[in-house]
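Please look through the sequence and the model first.

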Amino acid sequence: MPNFPKVGILGAGQLGKMLCQAASPWELPLYCMDKAIDFPAGPHCTGFAEGDFKKYDDVLAFGRQMDLITIEIEHVNTEALVALEKEGKTVHPSPKALAIIKDKGLQKQFYTKHQIPTSPFQLLDNKKAILEAILDRRLSLPFVQKTRTAGYDGKGVAVIRNQADVTEKLLEGPSMVEEMVDIEKELAVIVARNERGEVKAFDPVEMEFNPVANLVEFLICPAAITSQQAEELTQLAKKIITAFDICGLLAVEFFLNKSGEILVNEVAPRPHNSGHHTIDSAITSQYEQHLRGILNLPLGSTKAVQPAVMVNLLGHPDFTGPVHYDGLEECLQLEGVKVHIYGKAMTKPYRKMGHVTVVADSIEEAKSKARMVKDTLKVVSKELSKK
Ligand SMILES: Nc1ncnc2c1ncn2[C@@H]1O[C@H](COP(=O)(O)OP(=O)(O)O)[C@@H](O)[C@H]1O
Ligand SMILES: [Mg+2]
């Protein structure tokens, strides 16, 4: 058996599952902690501990049984990670960086401090403070409100365009409020780093959003941008991972605005939705790269083998109940269509149930097959046909 440390992952969702799959060829022992063993990573990990990654005691008890601790979600108890580090455990990403990233307000302040381009923002304590700021003209419409903690997949983000949105959409809780960006493209770069200081980035990808669910619908790699823009994105991603002193992966989400400026939106110090395609389209997958980064192994080649388009398989908006995949066989007939089902038992509107990567000789071909997949493969439920 290779001489690997015992690695613990906080979280056992789909990202955890795909980390376990990447660890399997090396027989690397990966343990997961989450609320229930029937979560996606449960059947794929070396060992599973039941616990709540938001609870200090649970994280501490789990971490003490490991040599190295990593995450697949950022909303974990960072105080326990600090304690584990003090006890001599290796923790990647560093709890210090994680504590900043978990809070969208601190994250924005970090960009300002390190002169990383991002949209102008202010921090406001609650809904009342936002309403006052609007009245005092310290805040003007349109703007985007983001709750500082606990948001994900578009939850915790409110786009406030007009007075009706002010009345209906404002969210409670401490918030980061930022200027609305006139978005030309949403782009992302996944970058990796190890303790010996190697840094490598994957090709920039372009994200196309579903305007209703605010979730990524198609992800296109490589992005249709100039080589100069790609270089700028890559350099920024490398600068940010180094400034945070992170080992493992950092996914950096960017906006390209209509005037051609590149702005950083947010980062995630873990495998990311915008890197799923690398499993099927690059020499090294983002998951293998995360393991290489946290274990201080040489980073793998990030070279793309083929153009790729990734489609998220989201729960159909009209169904809640035991999941059924309609149209799977038709999709599997298409060359280059790679289906990944996460193993969640129940579907809900817009829940991430899986993804499909289409690889082809050209982006156009991959896109047209991805559209076919999107129109054919439906995540529904047979038992309870309507919500
Ligand atoms: N300042 C902004 N201007 C315009 N659109 C935005 C802005 N911030 C976020 N959005 C839109 O909302 C989406 C989700 O916001 P994001 O901060 O990435 O939150 P999440 O944690 O849910 O991914 C973005 O991908 C983008 O489409
Ligand atoms: Mg985002």
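The sections below go from the whole protein to its sheet, helices and cores.

## Basis of the report

This is a predicted model, in which local features need pLDDT of at least 70 and side-chain atom pairs count only at pLDDT 80 or more, while totals for chains, interfaces and linings use all residues. Residues are numbered from 1 along each chain as its sequence is written, and chains are lettered from A and ligands numbered from 1 in the order in which they are written.

## Overall form

The protein contains twelve helices and 21 strands. Helices (H or I, at least four residues) and strands (E, at least two) are DSSP runs, numbered from the N terminus. The radius of gyration is 21 Å, close to the 21 Å that the globule rule gives for 387 residues, so the protein is as compact as a globular protein of that length. That radius is taken over C-alpha atoms, and the globule rule is 2.2 Å times the number of residues to the power 0.38. The C-alpha trace spans about 65 × 55 × 50 Å along its principal axes.

Of the 387 residues, 43% are buried. A residue is buried if 20 or more other C-beta atoms lie within 10 Å of its own, exposed if 12 or fewer, and partly exposed in between, with C-beta atoms placed from the backbone. Among contacts with a separation of 6 or more, 63% join residues 24 or more positions apart. Two residues are in contact if their C-beta atoms, placed from the backbone, lie within 7 Å.

## Domains

Three domains divide the protein: domain 1 (7–91), domain 2 (120–179) and domain 3 (183–381). Their bounds come from an automatic or database domain assignment. Between the C-alpha centres of domain 2 and domain 3 the distance is 28 Å.

Five strands form an open sheet in the order 3-2-1-4-5, with parallel pairing. Strand 3 (47–50) and strand 5 (90–91) are its edges, each pairing on one side only. Two strands pair if DSSP finds at least two bridges between them.

Strand 1 (residues 7–10) is joined to strand 4 in the parallel sense over four bridges. In this pairing Val 7 is opposite Leu 68, and Leu 10 is opposite Ile 71. Helix 1 packs on the sheet, touching strand 1 and strand 2 (30–34), and its direction makes about 170° with that of strand 2. Helix 2 also packs on the sheet, where it touches strand 1, strand 2, strand 3 and strand 4, and its direction makes about 160° with that of strand 1. Axes are lines fitted to C-alpha atoms, for helices over the stretch in contact, and angles run from 0 to 180 degrees between N-to-C directions. Strand 1 is also parallel to strand 2, again over four bridges, and Gly 8 has Tyr 31 as its bridge partner there. Strand 1 is covered on both faces, with Val 7 and Ile 9 buried on one side and Gly 8 and Leu 10 buried on the other.

Helix 10 (residues 286–294) has nine of its nine residues buried, so it is largely enclosed by the rest of the structure. Its buried residues pack against helix 1 (14–23), strand 4 (68–71), strand 10 (183–193), strand 14 (248–257) and helix 9 (278–281). Just after helix 10, Asn 296 has a positive phi of about 55°.

In helix 5 (residues 104–113), the buried residues are Lys 104, Gly 105, Gln 107, Lys 108 and Phe 110. Their cover includes helix 4 (95–101), strand 6 (121–124) and strand 15 (262–268). Arg 64 belongs to helix 2 (residues 56–64) and is partly exposed, with 14 other C-beta atoms within 10 Å.

## Nonpolar cores

A nonpolar core is a set of buried Ala, Val, Leu, Ile, Met, Phe, Trp, Tyr and Cys residues joined through C-beta atoms within 7 Å. The largest has 92 residues, and those with the most contacts inside it are Leu 19, Leu 250, Val 252, Val 309 and Val 358. Domain 1 and domain 3 both give residues to this core, so it lies between them. A second, separate core has eight residues, including Phe 121, Leu 124, Phe 143 and Val 177.
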